[in-house]
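Please read this briefing alongside the sequence and the model. The points are grouped by topic.

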Amino acid sequence: MNFVFNTVYDMDALTVMARAVRKTTHKKKSKRSHIFGVIVIALAILLVVVAVLADDFNFNTFITSIAGIAILAALIFEDRLNAFIALKRMIKGSEKGVVTFGEDNFVSSTEVGTTEFKYNIIEAIARRGDYIVFVLSRRHAQVYDLTAMSNGTPKEFCRFIEEKTGLKIQKI
């Protein structure tokens, strides 16, 4: 049986894809970045509190508090920010794709072109909601909308892809 997906690479799909990469191949790096960010935010809060208590809230303290807020926002909205950047960098014509999964490979077709992939290039598989994500490398991933699938059910596809890749689907 061939599974076919019609996926639109919109903000929601790209956000799930960014989260999948962060939670799989970037897991250690992401954890270190979050720890560093939390430490910087804590120091910024400490500086602002000390300045307020000493009645010495000046321009430098204001800039530090703005920087702390910006870092906090980046940590909270990290996946959406990465999705936004990916959306802006996307090659025109690759926003929509049709992917067909066969026995030996899967073929992706967009307005830009057609590419054939072997299953052994997939490093990790993640699922969140109605999306399944193939992480191909530290910088490359593909996302598929399970609601836009034809020829089968999501459960059948998940079983199929786990069998073909030898990987377990990670829930993120």
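Asn 151 sits in the loop that joins strand 8 to helix 5, where helices (H or I, at least four residues) and strands (E, at least two) are DSSP runs numbered from the N terminus. This is a predicted model, in which local features need pLDDT of at least 70 and side-chain atom pairs count only at pLDDT 80 or more, while totals for chains, interfaces and linings use all residues. Residues are numbered from 1 along each chain as its sequence is written, and side-chain values use heavy atoms, with hydrogens and water left out.

- Although Asn 151 is not a glycine, its phi is positive, at about 65 degrees, and the residue is partly exposed with a relative accessible area of 44%; here buried means under 20% relative accessible area, exposed over 50%, and partly exposed in between (1.4 Å probe, protein chains only).
- Asp 55, which is not a glycine either, has a positive phi of about 55 degrees and belongs to the loop between helix 2 (27–53) and helix 3 (59–76).
- With a relative accessible area of 73%, Asp 55 is exposed.

**Helix 5**

- Helix 5 (residues 154–165) has twelve residues and reaches 16 Å from its first C-alpha to its last, close to the 16 Å expected, the expected span being 1.5 Å times one less than the number of residues.
- The buried residues in helix 5 are Phe 157, Cys 158, Phe 160, Ile 161 and Thr 165; seen down the helix axis they fall within an arc of 165 degrees, so they line one face of helix 5, the arc being that of the directions from the axis to the C-beta atoms.
- On the face of helix 5 turned away from its buried side are the exposed residues Lys 155, Arg 159 and Glu 163.
- Those buried residues of helix 5 pack against several strands, among them strand 1 (3–8), strand 2 (96–101) and strand 9 (169–171), where contact means heavy atoms within 4.5 Å.
- Gly 166, with a positive phi near 75 degrees, follows helix 5.

- Helix 1 has 13 residues and reaches 18 Å from its first C-alpha to its last, close to the 18 Å expected.
- The buried residues of helix 1 include Leu 14, Val 16, Met 17 and Val 21, and what covers the buried residues of this helix includes strand 1, helix 2 and helix 4.
- The axes of helix 1 (residues 11–23) and helix 4 (residues 78–89) come within 8 Å and cross at roughly 120 degrees; axes are lines fitted to C-alpha atoms, for helices over the stretch in contact, and angles run from 0 to 180 degrees between N-to-C directions.
- Among the residues that make this contact are Met 11, Leu 14 and Arg 22 of helix 1, together with Glu 78, Phe 84 and Leu 87 of helix 4.
- Asp 79 lies in helix 4 and counts as buried at 10% relative accessibility.
- Leaving out residues up to four places away in sequence, Asp 79 touches Thr 15, Ala 18, Arg 19 and Arg 22.

**Tyr 131**

- Tyr 131 lies in strand 6 and, at 15% relative accessibility, counts as buried.
- Apart from neighbours within four places in sequence, Tyr 131 is in contact with residues including Asp 10, Asp 12, Val 16 and Tyr 144.
- Tyr 131 and Ser 33 are 98 residues apart in sequence and 26 Å apart in space, C-alpha to C-alpha.
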